[in-house]
Amino acid sequence: MFSKILIANRGEIACRVIRTARRMGIKTVAVHSEADAAALHVEMADEAVCVGAAPSAQSYLVIDNILKAIRDTGAEAVHPGYGFLSENAAFATALEKAGIAFIGPGLKAIAAMGDKIESKKLAHAAGVSTVPGYLGVIKDDKEAVRIAREIGYPVMVKASAGGGGKGMRIARDDAETREGFRSATSEAKSSFADDRVFIEKYIEEPRHIEIQILADGHGNTLYLGERECSIQRRHQKVIEEAPSPFLDAKTRKAMGEQAVALAKVVDYRSAGTVEFIVDRDRNFYFLEMNTRLQVEHPVTEYVTGLDLVEQMIRVAAGEKLSFGQKDVKLKGWAIEARVYAEDPFRNFMPSTGRLVRYRPPEEGPDVRVDTGVYEGGEISMYYDPMVAKLIAGGRTRDEAIGHMREALDAFHIRGIAHNIPFLAALMAHPRFHEGRLTTNFIAEEYPEGFRSEDTVHDDPRLLVAVAATVHRIVEDRAASISGQLQGHERRVPDDYVALMGGEEFTLTALPTAHGAEVTLGEAVYAVHGDWRPGDALFRGEVNGRAVCIQIDRAGIAWRLNHAGSQADVKVMTPRAAMLHRLMPEKMPPDLSAFLLSPMPGLLVSVAVTEGEDVKAGQELAVVEAMKMENVLRATRDGRIGTIHAAAGASLAVDQKILEFEQANG
Ligand code: ADP
């Protein structure tokens, strides 16, 4: 067994690998960029080496720098995590030359599976069912149209080197094929420096179901069940689960056996994933093979009881698998939700900044949090915006969903925008409960994007009752402070008026031993919990329903977050409420004449000058954030007034870039 390994990655996956290595008594070396000097994985590892500047192309992706770190620390093996160098054949070759073990598959598998056209040919030859289509490289848009017609619409135009949902276009007619061919080619060229594209049939109502495989270097190759990853946004996974609510034992076995057959063709070793697309009749087709540990591997760990990282390390050290296919038993159900630093209400715009609060839910047998950050740490614009992975399990799917909902309620993040309201809405969605999933789920259920209406609470008055309870507890404590002038002690009233979202509620809140009894019109809410002033979470029961509600102060209001919805509740005495009604309302300023930065980022260019007339749709500026260039365009005709920021400026969210002249606004 190795005595020291290096983890060529960052974030949650580096931390996760370190945890297992430590349990196995193996020393760990972290690598980090200058921006990550204080990151969690650096803190957790026994040693850490800086491998370059903040952009990953200058640090995490520089093979020579990683090799130097290996030499300097004497690490005997490298775990690459996912992304970065994990599927890079040049890196695996360099390690082999240097005599360092790669905790992953052999070169042959990485090279063969790195290319969609080649891997599809291999799969076809191995008897694996593949998506009908054309396996050659397409020359021009004329040929693209001819082939698309042959296959029959709809089709998918795909970059052979593609990954991460890039370089993929659905086409439903000739015109879309021409356009899809052009855009997929150019995207592939700029993202992967490889412009080969091919075309295959687009599978309707597709589900994404993948098989986890595990192989040693002694000829043993097993499949560890499947994961369903159909809940995707723009071809990127959001929710994954194991098992799939769609598969029967027969299909599972057939898919597993085909995955194993494919793995054997490339002498696969280590953990890997064979991705399939499954149609509504349970026909399945090979998509691609990922020759690395997947983001969503924890759900498989839950249902199999295995530690995949441990297995990968053992295999890399030359050990034999200590169990066979018959020993692989799937038990229970697990769901993973990816917690991202992105604003679901602003079209999932990435969010960066300081984690003012970061309190993940407590871990236990049915809740696991794979985290790469800590409270006070920073989400920087250089890397992907993943904050953590939340994994919840149970005996059944319903139980797992229940645990996930509770864990999301308790996940307390402040300082950056995050997608927990969106994840909570998905977990509450009836169609998700029924398991009627396809990769179009999000696009179909949220056609206008995710909006605050999608987070309406099932019992808004419950939130009012909890706010009143919290308020009453704070008032009672204030009244109990010693040293008050005799005869002038503070008296706490029982009657209140609560304001929430423009609605007024007259209520009484009477303290009880643990909480309060709140009467709201006809309804009585027994609010039970041991919340104390300053607590971030209210945990307890309301009329017997278990709740975990996040409590913040927002001006004079109580801000409650529960089940993905947020409510600001002002609790006042009737007199204060009467006076409050007389207060003028502060109107938000009119910002329609401004071009604001939609996200924190770098202002790459400004395409207009002061006094210039612009037409709707014309490019005004380009903002770069998290490696994506965003072109900001005029929404209507007008004349440019003052320009507030110049190219090269780093922008905060909502910072003014320029303003239009008001006169013709
Ligand atoms: P990437 O390597 O970019 O992740 P994949 O080939 O794995 O690309 O495809 C990603 C997703 O795109 C799949 O999960 C599926 O949702 C969708 N997809 C890919 N190919 C097809 C197809 N032929 N028909 C329907 N959907 C597809």
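Reader: Which residue in β28 is the bridge partner of Gly529?

Author: Gly540. This is a predicted model: local features need pLDDT of at least 70, side-chain atom pairs count only at pLDDT 80 or more, and totals for chains, interfaces and linings use all residues. Residues are numbered from 1 along each chain as its sequence is written, and side-chain values use heavy atoms, with hydrogens and water left out.

Reader: How many bridges pair β27 with β28, and in which sense?

Author: Strands of a sheet pair through backbone hydrogen bonds, either parallel or antiparallel. Strand β27 (residues 523-529) and strand β28 (residues 537-542) have three bridges, in the antiparallel sense. Pairing requires at least two DSSP bridges. Strands (E, at least two residues) and helices (H or I, at least four) are DSSP runs, numbered from the N terminus.

Reader: What closed arrangement do β24 to β31 make?

Author: A closed barrel of eight strands, in the order β24-β25-β26-β27-β28-β29-β30-β31, with antiparallel pairing. On average, neighbouring strands of this sheet are turned by 35° against each other, direction ignored.

Reader: Which helix packs on that sheet?

Author: Helix α16 (residues 460-479). It touches β24 (495-500), β25 (503-512), β26 (515-520), β27, β28, β29 (545-554), β30 (557-562) and β31 (565-572). The direction of α16 makes about 50° with that of β25. Axes are lines fitted to C-alpha atoms, for helices over the stretch in contact; angles run from 0 to 180 degrees between N-to-C directions.

Reader: Now β15. Which of its side chains lie on each face, and are they buried or exposed?

Author: In a regular strand the side chains alternate between the two faces of the sheet. In β15, one side has Trp333, Ile335, Ala337 and Val339, and the other has Ala334, Glu336, Arg338 and Tyr340; all are buried. Buried is under 20% relative accessible area, exposed over 50%, partly exposed in between (1.4 Å probe, protein chains only). So strand β15 (residues 333-340) is mostly covered, with eight of its eight residues buried.

Reader: Which strands pair with β15?

Author: Strand β12 (residues 236-242) pairs with β15 in the antiparallel sense over four bridges. Glu241 has Ile335 as its bridge partner in β15. Strand β22 (residues 386-394) is joined to β15 by eight bridges, also antiparallel.

Reader: Where is a parallel pair?

Author: Strand β1 (residues 4-7) and β2 run parallel, joined by four bridges. Leu6 has Val29 as its bridge partner in β2. Five of the six residues of β2 (residues 27-32) are buried, so the rest of the structure largely encloses this strand.

Reader: How should I read the Phe422 and Tyr446 rings?

Author: A pair of aromatic rings is described by the distance of the centres and the angle of the planes. Rings of Phe, Tyr and Trp (its six-membered ring) pair with centres within 6.5 Å; planes under 30 degrees apart count as stacked, over 60 as edge-to-face, the rest as tilted. The structure holds 12 aromatic pairs. Phe422 and Tyr446 have centres 5.7 Å apart and planes at 70°, so they are edge-to-face. Phe422 lies in helix α13 (residues 420-428) and Tyr446 in the loop between α15 (441-445) and α16, so the pair ties together parts 24 residues apart in sequence.

Reader: What does Tyr446 form with Phe450?

Author: An edge-to-face aromatic pair: 5.6 Å centre to centre, 75° between the planes. Both residues are buried. Phe422 is buried too, with a relative accessible area of 1%. One aromatic cluster is formed by Phe345, Phe348, Phe422, Tyr446 and Phe450.

Terms used:
Contact = heavy atoms within 4.5 Å.
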